Amino acid sequence: EARQPKPRPIIYNSWEATEMNFTGDTQIALAERAAKVGVERFVIDDGWFGKRDDDHAGLGDWTVTPKKFPQGLKPVIDRVHALGMDFGIWVEPEMVNPDSDLYRQHPEWAMQFPNREHSEERHQLMLNLARPDVKEWMFNWLDKLVSENDIVFLKWDYNRIWSEPGWDVAPGSSPGHPNPDAEKAIYLEAVRNLYEVIDRLRAKHPKLEIESCSSGGGRVDLGILERTDEVWPSDNTDALDRQDIQFGYTQAYTPQTMVAWVTDVPSTDHRMVPLQYRFVVAMQGALGIGANLTKFSDADMALSAKLTEFYKTIRTTVQQGRLYRLASPLTSDPSQMEYVAQDGSQAVLLAFQHSQRLLLPYPTVRLRGLAPDAMYRLRALDPEKYTGEAVLSGSVLMGAGVKLKLEGDYDSTALVLERLP
């Protein structure tokens with residue numbers, strides 16, 4: 001049965017702030033800051049389980065580490081709830097580190113060709129999810145984790161591609177005589193079993209939501225999207241790069257499924273980008289924050305709170321409305337994206353300038369998709385950047401357009417149009 005998509009909550013994710021170096025107390029400190037800026041869902045990323053202090057060990061040992069959480073996850077989750085947020089956590093169920101209790105107990109569970117060396121990526125191997133025992137193990141620990149903790153969201157990661165996809169004990173095999181169809185069967189059965197695990201989890205835990213987080217967009221297809229709520233498009237969170245990545249993503253998929261974080265600078269590309277520009281870029285999809293809020297100044301916190309509050313007033317239009325690409329980031333600077341609500345009651349303009357040249361003013365922006373005879377009330381994110389009329393007709397907005405005052409490098413703003421009755 002198809003789920004009715006609801007607008008995505010604003011999330012905070014701890015990964016870029018702490019990576020695996022954290023305790024329950026440091027997560028609570030981040031949660032308290034996240035709540036202050038209007039975040040609705042707090043997510044603890046990799047590093048909460050097993051002997052997991054870096055990516056060399058622990059994958060497969062899905063029990064909460066007492067070193068970081070001496071009383072389990074409950075005190076953190078209780079504090080997150082008290083702050084008015086719900087709670088999510090990172091998992092990578094299809095993978096195993098050779099340095100793990102699981103692998104030591106069940107080396108045969110790793111995907112492998114007999115008599116061939118394993119290829120590791122990110123110090124991990126793929127589990128053979130085609131095996132019924134692996135499938136049941138996976139469902140059981142995920143079910144236990146979600147049942148014992150008030151978890152409403154799993155960031156389901158998948159950080160490497162397949163290699164050595166052998167299955168020497170596939171149905172129809174016998175010692176020394178592997179089933180020649182087993183190599184094909186492993187692909188089909190592993191995917192079928194993945195879908196079964198997710199379907200069973202969601203049936204048992206109706207409020208559970210899942211993000212397909214696959215090494216930055218490695219698994220975005222209609223099969224997984226039927227079972228998940230959002231996708232991580234890329235590990236590159238640089239705001240300028242993200243404009244291109246997000247522009248491409250939305251050619252195929254709705255902005256509602258596109259997770260977009262505001263992260264710290266300097267970025268992946270060693271770029272310094274103003275906080276508002278990072279936010280307005282991330283407003284093109286399901287807004288999240290991954291910056292280290294404990295290092296934010298009072299001014300940064302105030303601006304973040306203002307921008308998340310603003311985003312909540314446009315979220316449904318951006319995530320579920322019609323998207324008009326007024327000027328593409330791939331071919332022009334400045335660029336603009338416009339979103340029109342399904343019922344036409346609201347339109348949103350997100351406008352960007354990467355760099356100003358030759359003292360040229362920002363070009364006139366002509367909107368699209370409005371009702372020509374309707375009147376619209378304009379609300380600017382930054383009143384100093386739009387000083388035109390407060391009420392205009394659709395025909396004027398689409399014909400004469402609007403003038404914005406964007407200046408210098410990495411300037412951005414947003415304009416909201418509310419259709420008058």
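Colleague: Which residue does Ala 347 stand opposite in strand 16?

Modeller: Leu 417 is the one opposite Ala 347. Strands here are DSSP runs of E with at least two residues, helices are runs of H or I with at least four, and both are numbered from the N terminus. This is a predicted model, in which local features need pLDDT of at least 70, side-chain atom pairs count only at pLDDT 80 or more, and totals for chains, interfaces and linings use all residues. Residues are numbered from 1 along each chain as its sequence is written, and side-chain values use heavy atoms, with hydrogens and water left out.

Colleague: How do you know that strand 13 and strand 16 pair, and how many bridges join them?

Modeller: Two strands pair if DSSP finds at least two bridges between them. Strand 13 and strand 16 have eight bridges and run antiparallel, so they pass that test. Strand 12 pairs with strand 13 as well, over six bridges and again in the antiparallel sense; there, Glu 338 faces Leu 349.

Colleague: What order do the six strands of the open sheet have?

Modeller: The order is 11-12-13-16-14-15, with antiparallel pairing. Strand 11 (322–327) and strand 15 (391–393) are the edge strands, each pairing on one side only.

Colleague: Why does Ser 412 count as buried?

Modeller: Its relative accessibility is 2%, which falls under the cut-off, so Ser 412 counts as buried. Ser 412 belongs to strand 16 (residues 411–419). Beyond its neighbours within four places in sequence, its contacts (heavy atoms within 4.5 Å) include Ala 351, Phe 352 and Tyr 277.

Colleague: Why are helix 8 and helix 9 called roughly parallel?

Modeller: Their axes come within 10 Å and cross at roughly 15°. Axes are lines fitted to C-alpha atoms, for helices over the stretch in contact, and angles between N-to-C directions run from 0 to 180 degrees. Under 35 degrees counts as roughly parallel, over 145 as roughly antiparallel, 65 to 115 as roughly perpendicular and the rest as oblique. Helix 8 and helix 9 are therefore roughly parallel. Tyr 277 of helix 9 is one of the residues making this contact.

Colleague: What makes the phi of Arg 122 stand out, and where does it lie?

Modeller: Phi of Arg 122 is near 50°, a positive value in a residue other than glycine. Most residues other than glycine have a negative phi, and most peptide bonds are trans. Arg 122 lies in the loop between helix 4 (101–105) and strand 5 (125–126). His 123, in that loop too, has a positive phi of about 60°.

Colleague: Which peptide bond is cis, with omega near 10°?

Modeller: The bond from Asp 333 to Pro 334. Pro 334 is in the loop between strand 11 and strand 12.

Conventions: Buried < 20%, exposed > 50% of the residue type's maximum accessible area, 1.4 Å probe, protein only.
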